[in-house]
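Please read the briefing below alongside the sequence and the model.

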Amino acid sequence: MLTRTFDADVRVFFCPQFRYPVTDSQRPAYTPRGARRGRLTFYDEVHSKVYTVAERFPLQSGAVLERPQLVYETWGTLNAARDNAVLICHAFTGSSHAASHHPDDGEGWWETMFGPGCAFDPDRWFIICANVLGGCYGSTGPVSPDPQTGRPYGAKFPVLTIGDMVEAQHRLVRHLGVERLRGVIGGSMGGMQALLYSARYPDFVSACLPIAAADRLSPDGIAYHAVGRKAIMTDPGWNEGNYDPLDPPRTGLTIARQLAHITYLNHEAMERKFERHRAGEGGVGYGWAPEFEVERYLDHQGEIFADRFDPNSYLYLSRAMDYFDLGETEPLEEVLARIRARLLVVSYLTDGFFPLDDMRRLVRALKRAGVDTTSVELPSPNGHDTFLTDTDVIGPLVRDFLRNTP
C-alpha cells in the first residue's frame, strides 16, 4: 500500500490496482454473495415494511406532508444494547432494497456488500435501509396519492431537502428501537445524508462513512442537474408534472440520465473507457445513428433507467441535492465540529461529479474542526458509481472501519 499526503495534517491511503491489502491475519474472510445473477430489483414486496412518519410532517420549506410513509427493509437483529444498527442511505436513484433476504429474492443494488465477513454482516449488525421521501420505490413522493384529491401529487408535491430526508429516517430508526447507530453510510446523495445525520444527531452516531459525497454540490453539479431537469420539463409528455405514471415523459428522462452518466466519469476515465472506438464493424456511417461506443453506452443507460424511475422524483431529488450545503447558514467548520463520530471519507480519482478538489476540501475542513477523519482515495475506471460496482475494494474498508469503531 502506498501512502501519500496532499495536506500536512491529512493522511490519505492510496490503494493501487483496486486491491485493499489485508495485513491482519485475524480478519475474517471477505465472502460476498457472489457475482450478480442478472436479477437486480429495486423493490421487494415481500420484505418491505411501511412506517408512517407522522400525522403531519413539517418540511424545511414550511410545507406540511400529511401522513408521509417510508418503505424500508432490515437485515439482522437489534442487540440487547440496541447499539449495533447500521443505517444505509441510498444514492439519488436507489431504493430500500440494498440486498436480497434469501436466494430466491431479486438482488439489491449493494448485494455484494452483504454476507458473512462482509461490510454488512447480518449476523453482526442490524442493517436498515429506507427509500427516501420523494423517491419512487414506495415512500411518499410525487407518484403517491395526494390525500386531498386521491390523485398523484405530481408537481404539486412540496419541494424537499436532504434535511427532510434525514429527519424522517431518524424517526424511523428511533421507531425501530435503536438507541445508537454504529454507523451511517451512503454514497453520493446518501453520503450527503450521512454527513448531515452525524452533524444533526452527534450523540447518536458512532461512525459516519460518506462515499463520493462532499459537504455541498459544486456549481458544475447544479448546472448538470438544471439541464437534466430542463430535458424532463420540456418533454411534451411531462404536462406540467401531471402525466399518467404509466405514460411518463421517457425521452426527457432518458436524456437527463445520459447527461448524468457523462458527469460521473472525468475526462481521463472517459478517454480510457471509450476512446473513439466505434460500436460494431464497418466504417463511417455518415448519418445520425449511434456509431461510437460512448453513444451506445449512453443510449443503453438512458433506456434502462427510464424503465425504472419516475421523472418527477428525478426533479425533486436532484433539487434536494442542489440545496444541500452544510456551511450555508454558518461556518462549515462550526457545523462539522458538532460531529462526534469517526469519519471515513472515500473519494474516487476518476469521479467527475464529486471531484477530488471537493472531497479534499471537505477532509481539510473536518480536520480543522477536530473530527477524527480518515480519507481514502481510490483509483477506478468507473468514476462516480464505483461505490456500487467495485465492492471488492470498498467492502473491506467499510467492514474494518465499522468493526474498529468503539
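**Aromatic pairs and burial**

Tyr153 counts as buried because its relative accessibility is 8%, where buried means under 20% relative accessible area, exposed over 50% and partly exposed in between, with a 1.4 Å probe and protein chains only. This is a predicted model, in which local features need pLDDT of at least 70 and side-chain atom pairs count only at pLDDT 80 or more, while totals for chains, interfaces and linings use all residues. Residues are numbered from 1 along each chain as its sequence is written, and side-chain values use heavy atoms, with hydrogens and water left out.

- A search of the whole structure finds 18 aromatic pairs; rings of Phe, Tyr and Trp (for Trp, the six-membered ring) pair if their centres lie within 6.5 Å, and planes under 30 degrees apart count as stacked, over 60 as edge-to-face and the rest as tilted.
- One of these pairs joins Trp75 and Phe114 in a tilted arrangement, with 5.1 Å from centre to centre and 55° between the planes.
- Trp75 belongs to strand β6 (residues 69–75) and Phe114 to the loop between β7 (85–89) and β8 (126–130), so the pair ties together parts that are 39 residues apart in sequence; helices (H or I, at least four residues) and strands (E, at least two) are DSSP runs, numbered from the N terminus.
- Trp75 counts as buried at 4% relative accessibility, and Phe114 counts as buried at 0%.
- Tyr153 and Phe157 form an edge-to-face pair, with 5.0 Å from centre to centre and 80° between the planes, and Phe157 is buried as well, with a relative accessible area of 2%.
- Ring pairs also link Phe42, Phe92, Tyr137, Phe305, Phe309 and Tyr314 into a cluster.

**Nonpolar cores**

- The largest nonpolar core has 112 residues, and those with the most contacts inside it are Ile88, Phe120, Leu181 and Tyr197; such a core is a set of buried Ala, Val, Leu, Ile, Met, Phe, Trp, Tyr and Cys residues joined through side-chain atoms within 4.5 Å.
- Helix α2 (residues 189–200) gives the most to this core, with 7 residues.
- Apart from this core lies another, of 6 residues, among them Leu265, Phe274, Tyr297 and Leu298.
- Leaving aside residues up to four places away in sequence, Ile88 touches Ala98, Trp109, Trp110, Phe114, Phe120, Ile127, Ile128, Cys129, Ala130, Gln169 and Ile185, where contact means heavy atoms within 4.5 Å.

**Packing of α5 and α6**

- Two packed helices are described by the angle between their axes and by the distance between the axes.
- Helix α5 (residues 267–274) packs with helix α6 (residues 293–306) at an angle of about 105°, with their axes 9 Å apart; the axes are lines fitted to C-alpha atoms, for helices over the stretch in contact, and angles run from 0 to 180 degrees between N-to-C directions.
- That angle makes α5 roughly perpendicular to α6, given that angles under 35 degrees count as roughly parallel, over 145 as roughly antiparallel, 65 to 115 as roughly perpendicular and the rest as oblique.
- On the α5 side Met270, Lys273 and Phe274 take part, and they meet Glu293, Val294 and Tyr297 in α6.
- By class, this contact has 4 nonpolar, no polar and 2 charged residues; Ala, Val, Leu, Ile, Met, Phe, Trp, Tyr, Cys and Pro count as nonpolar, Asp, Glu, Lys and Arg as charged, and the others, Gly among them, as polar.

**Positive phi values**

- Arg82, in the loop between β6 and β7, has a phi near 60°, a positive value in a residue other than glycine, and counts as partly exposed at 36% relative accessibility.
- Ala212, in the loop between β10 (205–211) and α3 (219–233), has a phi near 50°, again a positive value in a residue other than glycine, and is buried, with a relative accessible area of 0%.

**Positions separated along the chain**

- Asn242 lies in the loop between α3 and α4 (250–264) and is partly exposed, with a relative accessible area of 47%; its C-alpha atom is separated by 9.8 Å from that of Pro142, 100 residues apart along the chain.
- Gly287 lies in the loop between α5 and α6 and counts as partly exposed at 39% relative accessibility; the C-alpha atoms of Gly287 and Gly76, 211 residues apart along the chain, are separated by 55 Å.
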